[in-house]
Amino acid sequence: MKIAIIGFGAAAIGFIERIKDSEHEIHVFEKSSDIHSSSISGIRADGKLFVSKDMGGDIDIDLVLQKKLVDFYISHTENKNVETGQSFGKTPYFNKFYEKGFQPITSDFYHIGTDQLKEVLSNIYENFKSHKNIHFHFSYNVTTVEKLNGQIKINDSEIFDYVVVGVGRSGHPLIKTIIKKYPELILDNTKVDLGIRFELPNHIVEDLNREMYEFKIRYKSRTGYTVRTFCNNPSGFVVLENYGDFTTVNGHAKLKEKSQNTNFAILVTIQLTEPFNDPTGYGSYIAKMSNLLAGEGKVILQTYHHFKTSKRTKNLYRVFPTLENDKYILGDINLAFPRRIIESIIDFIEQLNEVVPGIANPDNLVYAPEIKFYSNSLNNDLLQNLKFIGDCSGHTRSIIYATAHGYLIAENIMNPSQTPATI
Ligand SMILES: Cc1cc2nc3c(=O)[nH]c(=O)nc-3n(C[C@H](O)[C@H](O)[C@H](O)COP(=O)(O)OP(=O)(O)OC[C@H]3O[C@@H](n4cnc5c(N)ncnc54)[C@H](O)[C@@H]3O)c2cc1C
């Protein structure tokens, strides 16, 4: 078959790795200019590889395959040197959270690190390129994908027997064009994660940070909404994220420069039902409302006590923000967020305080808005020769899940009887 892969990211890597030794003629179309481009692939920053059944996506990926793909990435580092660890691997910690109603997310993680990631991507590319049946086309932005009789045409010119779309989140414009033409591909687009970034002194969460780099928990709050932690940054910094027409908060940790604070996101998953079909619009409006109150390009900062009692914060006490002071306004998040979201977050923090005393201190800091958008979930069963892999399919959110998704779609071509029915 003549196969096109659109995008060279984690999912495409999994697909090619499984199919590279076959007779198929494979063309990879990537919009970035070359393998060293700063916009190519999601395998560029940090590189924490997780092996877990509980996080990374909504498809069921066998743990053995996940570990095999971790080993595949590690085998492309120069000296096979990675940091490893476990989230909630030790029973006492797991039990402490479980007892108070939290669902601890267990995972093994392998941290490759940003520097090594560059050479990993480059080494994988060199290996793939050495196969005679694999052809790379850089600076090739695919803007249209069209069904013909039994074949697929891309960019109104090239025709293939089978097309795999693996354009990640940055490929949203292409996905939007495809689903506008073929709306029957959409399975679900009703979810958005809305919440805050929480910042507190390191010493309160010192044990937790030492025990596991990343603490991921879920909690069914009394409002009925599920609340989760995301992206924990020990000794980290809160930063802004610019979406063009609105601004949100995010966090990161630096290797050398350290702060006195830890920050992590607390997100409430909102899943609404018909006739609602615009989660991105819903999240964006709430973000814009927060920006309207804070001033353009700024976010709202409030102490936890005032967040709880719905009063504007005017002064801080013992905890000071790591976000620069021209990027936030002291205010009241309650004026921008629906009550049920606020109540879910408060319930989560109060309950977490039972496990980690000091989390609910009145002077800890709350920033808003923090939002995580989900891609539309797309139906891979609808068309025999047009498949969506990785994050653009709406089914994955991590390097290993995206890679595994690509791998399984290729497995389906190589060995159809051995693959799960839905991937
Ligand atoms: C800052 C950051 C840090 C992250 N850190 C981690 C981490 O530590 N661990 C983890 O597991 N996950 C992490 N992730 C998530 C991870 O990067 C993604 O889940 C994963 O890369 C998804 O793989 P993908 O193949 O679906 O998409 P991507 O890896 O994003 O690849 C998509 C490719 O398609 C190309 N493309 C897009 N549109 C087109 C088009 N129209 N035509 C041609 N080419 C196109 C893009 O240039 C890109 O190269 C992080 C994400 C971000 C943003």
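Helices (H or I, at least four residues) and strands (E, at least two) are DSSP runs, numbered from the N terminus. The model is predicted, so local features need pLDDT of at least 70 and side-chain atom pairs count only at pLDDT 80 or more, while totals for chains, interfaces and linings use all residues. Residues are numbered from 1 along each chain as its sequence is written.

Which residues come nearest to the ligand? Of the 38 residues around the ligand, they are G7, G9, G42, G168 and G390. A residue is near a molecule or strand if its C-beta atom, placed from the backbone, lies within 6 Å of it. The shell divides by class into 18 nonpolar, 14 polar and six charged residues. Here Ala, Val, Leu, Ile, Met, Phe, Trp, Tyr, Cys and Pro count as nonpolar; Asp, Glu, Lys and Arg count as charged; the others, Gly among them, count as polar.

Two of the lining elements also meet each other. Two packed helices are described by the angle between their axes and the distance between the axes. For α1 and α10, the axes come within 6 Å and cross at roughly 35°. Axes are lines fitted to C-alpha atoms, for helices over the stretch in contact, and angles run from 0 to 180 degrees between N-to-C directions. The crossing of α1 and α10 is right-handed. By definition, a crossing is left-handed if the near helix is turned anticlockwise from the far one by less than a right angle, and right-handed if clockwise. On the α1 side, the contact includes A10, I13, F15 and R18. On the α10 side, I399, Y407, I409 and M414 are among the residues that take part. Two residues are in contact if their C-beta atoms, placed from the backbone, lie within 7 Å. By class, the contact of α1 with α10 has 14 nonpolar, four polar and three charged residues.

β3 belongs to an open, antiparallel sheet of three strands, in the order β3-β6-β4. Its edge strands, β3 (48-51) and β4 (83-87), each pair on one side only. From one strand to the next, the twist averages 20°. Two strands pair if DSSP finds at least two bridges between them. β3 and β6 (residues 107-111) are joined by four bridges in the antiparallel sense.

Three bridges link β8 with β9 (residues 152-154). K147 stands opposite I152 in β9.

Two backbone details deserve a look. A cis peptide bond joins A368 and P369, with omega about 5°. P369 sits in strand β21 (residues 365-373). F88 has a positive phi of about 55°, although it is not a glycine. F88 lies in the loop between β4 and α3 (91-99).

Finally, the overall division. The domain assignment gives domain 1 (2-77 + 112-187 + 376-418) and domain 2 (191-373); such bounds come from an automatic or database domain assignment. The C-alpha centres of domain 1 and domain 2 lie 32 Å apart.
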